[in-house]
Amino acid sequence: MNMKVGRNEPCPCGSGKKFKKCCISKNVGFKNNELKASYRFESGSYGGVGVFIPSIACLKQIQIDEWTYHFVLVNPENTYPAEDMAGAESEKDLEEAFKVKMNSDSDEVLAVELIKKGYKSVDNFNVVKNHHQRQMRSLSQTFP
C-alpha cells in the first residue's frame, strides 16, 4: 500500500519530526513522497489469571498515523505469574533479536532469532488493553 506523505506532516518513521526534516532526505522507504507499508514490533504479555507468557506483536502501517495488528508471536516455553515479568522477558528478547538483525541487515534473521528463543505464531489472537496494562515500549524499528 502506498500513500502520499506531505512535507510538513509528521514523519511516518515515528521520530516526531516533520517529514521534510527527517526521512524525505534519507529516501528510507519513500519514492516521490509515497509511503510504503512498514512494520513495527511491540513487546508484551499474553495470557491471564496468574499465567502469562512473553509476546511480541507485529503491527503493519496502514496510514501515516494508523497501525493494525499483523501477527502476534508468543513464547509458550516461558511462563510467568505476573504480566510485567512476561513483558520484560519479551522486551529483552526483541531487543536481542534486533541487535542480531542490525548486524546482518536481514529481516529473516530477526524471525530466526525469535524462533530460536521459542516464539511461535498465534492464530485468532485477541489484543486486550486495560488500565493495569503497562505502556508497551515500541522498538520503533520500521522496515518496508
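Q: Why is E4 called largely enclosed by the rest of the structure?
A: Seven of the ten residues of E4 are buried, so the strand is largely enclosed. Buried means under 20% relative accessible area, exposed means over 50%, and partly exposed lies in between (1.4 Å probe, protein chains only). This is a predicted model, in which local features need pLDDT of at least 70 and side-chain atom pairs count only at pLDDT 80 or more, while totals for chains, interfaces and linings use all residues. Residues are numbered from 1 along each chain as its sequence is written, and side-chain values use heavy atoms, with hydrogens and water left out.

Q: How much of the protein chain is buried?
A: Of its 144 residues, 37% are buried.

Q: Which elements does the protein chain have, and in what order?
A: There are two helices and eight strands. Starting at the N terminus, they follow the order β-β-β-β-β-β-α-α-β-β. Helices (H or I, at least four residues) and strands (E, at least two residues) are DSSP runs, numbered from the N terminus.

Q: What about E5 and E6?
A: E5 also pairs with E6 (residues 66–74), again in the antiparallel sense, over eight bridges. Lys60 stands opposite Thr68 in E6. A hairpin of two residues joins E5 to E6.

Q: Is Val49 buried or exposed?
A: Its relative accessibility is 85%, and exposed means over 50%, so Val49 counts as exposed.

Q: What makes Arg40 and Glu42 a salt bridge?
A: A salt bridge is a side-chain nitrogen of Lys or Arg within 4 Å of a carboxyl oxygen of Asp or Glu. The N to O distance between Arg40 and Glu42 is 2.8 Å, so the pair meets the definition. Both residues are buried. The structure holds six salt bridges.

Q: How do you know that Glu89 and Lys92 also qualify?
A: Their closest N and O atoms are 3.8 Å apart, which is within 4 Å. The two residues are separated by about one helical turn, because they are three residues apart in helix H1 (residues 83–104).

Q: Why do Glu89 and Lys92 fall into separate accessibility classes?
A: Glu89 has 17% relative accessibility and so counts as buried. Lys92 has a relative accessible area of 38% and is therefore partly exposed.

Q: What does the salt bridge between Lys117 and Glu96 tie together?
A: The side chains of Lys117 and Glu96 meet at 2.5 Å, N to O. Lys117 lies in the loop between helix H2 (107–116) and strand E7 (120–122) and Glu96 in helix H1, so the pair ties together parts that are 21 residues apart in sequence. Salt bridges that share partners join Glu89, Lys92, Asp93, Glu96 and Lys117 into one network.

Q: Why are Lys117 and Glu96 called partly exposed?
A: Lys117 has 23% relative accessibility and Glu96 has 31%. Both values lie between the cut-offs for buried and exposed, so the class is partly exposed.

Q: Where is Pro76, and why is this residue called partly exposed?
A: Pro76 lies in the loop between E6 and H1. Its relative accessibility is 42%, so Pro76 counts as partly exposed. Pro76 and Phe52 are 24 residues apart in sequence, and their C-alpha atoms are 8.9 Å apart in space.

Conventions. Two strands pair if DSSP finds at least two bridges between them.
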